Every structure is written in structure tokens, then in C-alpha cells.
Amino acid sequence: MSLSLLLQSPYARPVAIVAAVAVYLGILVGSLSSELGPPNLFPNSDKLVHMSAWALLSAITVFALREKRVALLGGLGLFASSGAVELIQALVPHRSASWADLLANGIGIALGGALVWMVLRRLGHR
């Protein structure tokens with residue numbers, strides 16, 4: 001099945017919304033659990049995990065929303081939400097709030113959203 005056909009499916013948006021909720025819940029569980037955390041593969045490797053997780057969520061969100069202004073507002077909402085998660089982490093044992101994590105989240109949100117937006121534009125589905 002081609003990507004263009006997938007975009008025309010009546011199920012594409014509902015499935016994307018469910019996927020976005022699932023990814024967001026995964027981010028919340030991973031971020032707010034004192035037991036879970038990203039692997040320490042190299043110094044600051046957690047920033048790569050932050051960026052990847054929020055990029056995936058942003059990509060799915062932009063795919064689901066598609067309309068430019070709504071997608072931009074969705075991205076801003078994701079960034080605000082990532083900031084709230086960082087603040088809440090300060091209250092969780094063995095966790096801390098971090099400006100660097102918030103920056104990584106923001107970069108991921110921008111990159112994931114921009115990538116999907118460019119693909120949608122290229123395919124004429126904006």
C-alpha cells in the first residue's frame with residue numbers, strides 16, 4: 001500500500017490519534033516513574049531518548065492533525081506538556097527537572113513535526 005493511499009484511508013486519523021495517546025502515555029510512564037528511566041549508554045544519552053520520544057509523538061500528532069495552524073498549535077501544546085512533565089519530575093523521587101531535557105524535548109517536537117509536515121506537503125496532503 002502506498003503512503004498516499006494510507007493518507008486517504010478513513011481510518012488513518014483515528015488510528016494516528018490512538019497511537020499518539022499511546023505514545024504520550026508511554027512518555028508519561030517513563031518520565032514520571034522513579035523505577036524506569038532511559039539507559040545510560042554514553043554521557044547525556046538520555047537527551048537522545050527525550051528527543052526521539054517527543055519527535056515520534058510530534059510526528060504522529062502532525063499526521064493526525066494535518067492542517068497547518070492546528071498542527072502548529074498541537075506542537076506548542078506538546079512543548080507546554082513536556083515542560084509540565086519536567087516540572088512534575090522535580091517532585092518524583094530519583095528524578096529531577098532539567099532545562100537540557102526540555103530543550104531536547106523541544107528539538108524532538110520540532111524535528112518530528114517538520115519531517116511529517118514536509119512529507120505531507122510533498123504528497124499534497126496538507
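The model is predicted: local features need pLDDT of at least 70, side-chain atom pairs count only at pLDDT 80 or more, and totals for chains, interfaces and linings use all residues. Residues are numbered from 1 along each chain as its sequence is written, and side-chain values use heavy atoms, leaving out hydrogens and water.

**Helix α4**

- Helix α4 spans residues 68–89, which makes 22 residues. Helices here are DSSP runs (H or I, at least four residues), numbered from the N terminus.
- From first C-alpha to last, α4 reaches 31 Å, close to the 32 Å expected at 1.5 Å a residue. That expected span is 1.5 Å times one less than the number of residues.
- Among the buried residues of α4 are A71, G74, L78 and V85. Buried means under 20% relative accessible area, exposed over 50%, and partly exposed in between (1.4 Å probe, protein chains only).
- The cover over these buried residues includes α2 (12–32), α3 (45–65) and α5 (99–122).
- At the start of α4, a side-chain oxygen of E67 comes to within 3.0 Å of the backbone nitrogen of R69.

**The aromatic pair**

- The structure holds one aromatic pair. The ring centres of Y24 and W54 lie 6.3 Å apart with planes at 75 degrees, so the pair is edge-to-face. Rings of Phe, Tyr and Trp (its six-membered ring) pair if their centres lie within 6.5 Å; planes under 30 degrees apart count as stacked, over 60 as edge-to-face and the rest as tilted.
- Y24 lies in α2 and W54 in α3, so the pair ties together parts 30 residues apart in sequence.
- Y24 is partly exposed at 26% relative accessibility, whereas W54 is buried at 2%.

**A charge over a ring**

- R66 lies over the face of F63, 4.7 Å from the ring centre. The rule asks for NZ of Lys or CZ of Arg within 6 Å of the ring centre and within 35 degrees of the ring normal.

How values were computed. Helix = DSSP H or I, 4+ residues; strand = E, 2+ residues; numbered from the N terminus. Contact = heavy atoms within 4.5 Å. Polar contact = N/O pair within 3.5 Å; in protein donor to acceptor, adjacent residues only side chain to side chain.
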